[in-house]
Amino acid sequence: MILTNINRMGNRLGLLLISLTLLTSTLKAQPGDLNREITLEQAIEMALANNPQINRAILAIDDAEELLNLARAEVYPDITSSINYTRNIEIPVQFLPAEIFGGPAGTLTPVQFGTDNNWQGGFSVAQNLFKGEAIVALKSSAVFKKVQEENYRSASQQIITQARIDYYAVLAAQEQLRLANAQIERLETNLKENEARAKAGIVDDYAVLQLKVQLSNQKPQQIEAKYAVDEAYRNLNIVMGLPVKFSYKVKGSLNEFDILSETASQSENSHLKKIDKMNPYSFSSATTDSALLTENRGDIRIAEANLRLQDKQIRAEKSRFLPTLTASYNLQWSAAEAGSPDFFQDAKRFQTLGVNLSLPLFQGFSRMANLERAQIQYKDIEEQKRMAILIAQNEVASASEELDKIFETATARKQALEQASIGYDRAKKRLENGLGSQLELTEAEIQVREAEVNYAIMVFNYLTAKANYDLATGMVPFVDTTN
């Protein structure tokens, strides 16, 4: 089990350790070692630990936590301390009527006020006793963090699904390359045998020429298949957050995978079957119940969380109509001294306590407009949620239909492959015994190749459709599921 609940962030450390262990063991192998393999479960683990989209979702949760701390700051007291010293190089002068000091009327006398040295320092405390906006902001920040956690869960569902599909794409590309190589081997074997028969006069040179043409036409397909494998590995590396040139092999074989079986026929496919069966699917059993989709689908859960967040925003806008009550306390010391400074000599202390009530009366209808906009946005999110449910129901139905179609054709595909293989063996023996023709063998070989390709494509389509079905229903392996 990678993680029972994707919102438990502590499990991320375990994922990182798993990823580092896998990378270290892989790097210890020789650069040309083609035997190092990773399973689908390991690919998912590395994607959850290294994918940039997952990392960004983690950072968003961390940022939401800091926003929650900022909201808490509004309900905590604000405590400040200050100290000030002023040295009057020249004491300020003010002019007063001279008659105050016994001088002639109508004249002014300069008088100095102040001392050479002045000190003042102390503490100030401000506390919001009631501020509706701050209380709502605190609750909104907690809801915003929940939205980011839902984003992380949804991103995990998408990345796991993408890792599965890209992993299957590598297997499909390798299967195409294997079939291309097998086709060339068969053609080369037939060519050698027909060249020997031509020398013996059993067949004419035209039969040899036909095989050479087929071989020439097949080699470009082999080259294309080889490059397709490289591209598929690069895509998988990207979703796992690895360098595009990082080399390894994936484990599994589409040609040996039986979609109708409950267990894997070969051990190399057991990990594929394990993940495939984590969210069981039976023929025509898909449900599009909106309640279940709302509970499990990542995008719908995000919309639901956004509705709760927008409701807090509406409350915040309403709180701006309420008064604000604030208390303040000041404790100060002051001192003054002539001549040389003596720090806070003969300082005197004083204290003040105040309460301030502020009631906004009119702000040009801006508060009402902001409230109405918040309510409109709430209705918009409701419509987004409704659309998300409709899209989800359609995706579940489409994925279910695709799976049902594949199940209906699976038996025929498997039988076609077995029959084509038997037909090719018989055509080859007939040609070896002089009873058949090169044309019969060529047609049988084409049928084998077509049957093998069709079966591999069917398995790939099934695994991809199953991954999409799990995502559509919101029941992605390792996200709120058990194994």
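In this predicted model, α4 passes α5 in a left-handed crossing. Their axes come within 8 Å and cross at roughly 160°. Angles over 145 degrees count as roughly antiparallel, and α4 and α5 are therefore roughly antiparallel to each other. By class, their contact has 23 nonpolar, 11 polar and 7 charged residues.

From α2, the contact takes Ala47, Leu48, Ala49 and Asn50; from α3, it takes Pro52, Ile54 and Asn55. The class count is 5 nonpolar, 2 polar and no charged residues.

Two packed helices are described by the angle between their axes and the distance between the axes. The table sets out both pairs.

| Helix pair | Axis distance | Axis angle |
|---|---|---|
| α4 and α5 | within 8 Å | roughly 160° |

**Burial of α2**

Is α2 largely enclosed or open? Of its 11 residues, 10 are buried, so α2 is largely enclosed by the rest of the structure. The buried set includes Leu40, Ala43, Ile44, Met46, Ala47, Leu48 and Ala49. Glu41, Glu45 and Asn50 of α2 are buried as well.

**Nonpolar cores**

The largest nonpolar core has 73 residues. Within this core, Tyr167, Met240, Val250 and Ile259 have the most contacts. Seven helices are listed as giving two or more residues to it: α2 (40–50), α3 (52–73), α4 (132–200), α5 (205–240), α6 (270–276), α9 (366–432) and α10 (438–473). A second core is separate and has 7 residues, among them Ile184, Leu187, Val208 and Leu211.

Which residues does Met240 touch, leaving out those up to four places away in sequence? They are Ile38, Ala43, Met46, Ala47, Asn50, Asn51 and Tyr248. Ala43, Met46, Ala47 and Asn50 are among the buried residues of α2.

**The whole chain**

The protein chain has 10 helices and 8 strands. Of its 483 residues, 40% count as buried. Among contacts with a separation of 6 or more, 79% join residues 24 or more positions apart.

Methods:
Residues are numbered from 1 along each chain as its sequence is written. This is a predicted model: local features need pLDDT of at least 70, side-chain atom pairs count only at pLDDT 80 or more; totals for chains, interfaces and linings use all residues. Side-chain values use heavy atoms; hydrogens and water are left out. A nonpolar core is a set of buried Ala, Val, Leu, Ile, Met, Phe, Trp, Tyr and Cys residues joined through side-chain atoms within 4.5 Å. Buried means under 20% relative accessible area, exposed over 50%, partly exposed in between (1.4 Å probe, protein chains only). Helices (H or I, at least four residues) and strands (E, at least two) are DSSP runs, numbered from the N terminus. Contact means heavy atoms within 4.5 Å. Axes are lines fitted to C-alpha atoms, for helices over the stretch in contact, and angles run from 0 to 180 degrees between N-to-C directions. Angles under 35 degrees count as roughly parallel, over 145 as roughly antiparallel, 65 to 115 as roughly perpendicular and the rest as oblique. A crossing is left-handed if the near helix is turned anticlockwise from the far one by less than a right angle, and right-handed if clockwise. Ala, Val, Leu, Ile, Met, Phe, Trp, Tyr, Cys and Pro count as nonpolar, Asp, Glu, Lys and Arg as charged, and the others, Gly among them, as polar.
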